[in-house]
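I am opening a notebook on a structure that is new to me.

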Amino acid sequence: MMIVAFDCDGVLSNFSLGAAKAIESFTDLKKVYELQEKLQCWDWFEVFLDEAQLMRMDAIIKSEGFCRDLEPIGEGLKTLEAVKERLKDALGDDFKIKVVTTPWKGSKHWFHERIAWVEEHTSLSGRDVTFSCGKNEIAADIFIDDKDQNLLNAEHSKKKIIWDRPCNQKADETDLDLFRAKSCEDVMRLLEIAIEDYLSFTS
């Protein structure tokens, strides 16, 4: 069975936008989303917030509704559905698409809200959601994530696609199995190669 895994936050759901709006709700900061994109780094909370504010931010992210209300990333959702349709056409039922996600530590809401989010915004079901605190252990024919460290250490994934975002522009792309995708079309080109590899292996 061919497996394609999509990270959720940063590929399908816009966690950074939700977090930026939360910061603006209890600080005097404006245009946080635009500012964090210019920083091109992962640990941008610490740039804007002091220790007390970081604790407040953590509480907001843990709270009911934060995960559920994250806005979708249109190009990411378009890509997921296009991949699903192409795999169905090429392989019939011999494939699986997974949404891989790490729940926010200490939150009692993220598990059911993330499943609800996936079921609302995609054609997948809760059975297709994999919760993992070690994304590098995901086994897939293709693994799509916006964080390079998850991909570079993903020894069980054959093709690794880094979903282009401002925060990963400094990613180490020396891994020959790591490809950068800026659009659905980029992913689909790599998917065709993966399908050919899979069919040649299983024939």
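**Ground rules**

I note that this is a predicted model, in which local features need pLDDT of at least 70 and side-chain atom pairs count only at pLDDT 80 or more, while totals for chains, interfaces and linings use all residues. Residues are numbered from 1 along each chain as its sequence is written, and side-chain values use heavy atoms, with hydrogens and water left out.

**Entry 1: H1 and H4**

I looked up helix H1, residues 15-26, and helix H4, residues 51-62. Helices here are DSSP runs of H or I with at least four residues, strands are runs of E with at least two, and both are numbered from the N terminus. The axes of H1 and H4 come within 10 Å and cross at roughly 125°. Axes are lines fitted to C-alpha atoms, for helices over the stretch in contact, and the angles run from 0 to 180 degrees between N-to-C directions.

Under 35 degrees would count as roughly parallel, over 145 as roughly antiparallel and 65 to 115 as roughly perpendicular, with the rest oblique. The crossing of H1 and H4 is right-handed. A crossing has that name if the near helix is turned clockwise from the far one by less than a right angle, and is left-handed if anticlockwise.

Which residues of H1 and H4 meet? On the H1 side I listed Phe 15, Ala 19, Ala 22, Ile 23, Ser 25 and Phe 26, and on the H4 side Gln 53, Arg 56, Met 57, Ile 60 and Ile 61. By class, this contact of H1 with H4 holds eight nonpolar, two polar and one charged residues. Ala, Val, Leu, Ile, Met, Phe, Trp, Tyr, Cys and Pro count as nonpolar, Asp, Glu, Lys and Arg as charged, and the others, Gly among them, as polar. Contact means heavy atoms within 4.5 Å.

**Entry 2: H1 and H2**

Next I took H1 with helix H2, residues 32-39. Their axes are 8 Å apart and the angle is about 125°, so H1 and H2 are oblique to each other. H1 passes H2 in a right-handed crossing. Ser 16, Leu 17, Ala 20, Ile 23 and Glu 24 of H1 meet Val 32, Tyr 33 and Gln 36 of H2. I sorted the residues of this contact of H1 with H2 into five nonpolar, two polar and one charged.

I then checked Gln 36, which lies in H2. Gln 36 is buried at 3% relative accessible area. Buried means under 20%, exposed over 50% and partly exposed in between, with a 1.4 Å probe and protein chains only. Not counting residues up to four places away in sequence, Gln 36 touches Ser 16, Trp 44 and Phe 48.

**Entry 3: cysteines**

How many disulfides does a search of the whole structure find? The search gives zero, where a disulfide is a pair of cysteine sulfur atoms within 2.5 Å. For Cys 67 the nearest cysteine sulfur is that of Cys 8, 7.1 Å away. Cys 67 is buried, with a relative accessible area of 0%. The sulfur of Cys 184 is 17 Å from the closest cysteine sulfur, in Cys 8, which is too far for a bond. Cys 184 is buried too, at 5%.

**Entry 4: positive phi**

Most residues other than glycine have a negative phi. I noted Lys 31, not a glycine, with a positive phi of about 55°. Lys 31 is in the loop between H1 and H2 and is exposed at 61%. Gln 40, not a glycine either, also has a positive phi of about 55°. Gln 40 sits in the loop between H2 and helix H3 (45-48) and is partly exposed at 31%.

Asp 141 is in strand E4, residues 140-145, and is buried at 11%. Leaving out residues up to four places away in sequence, Asp 141 touches Met 1, Met 2, Ile 3, Lys 158, Lys 159 and Tyr 198.

Asp 145, also found in E4, is buried at 0%. With neighbours within four places set aside, its contacts include Asp 7, Lys 135 and Trp 163. Asp 145 and Ile 162 are 17 residues apart in sequence and 5.3 Å apart in space, C-alpha to C-alpha.

Last, I found Glu 192 in helix H8, residues 184-202, partly exposed at 28%.
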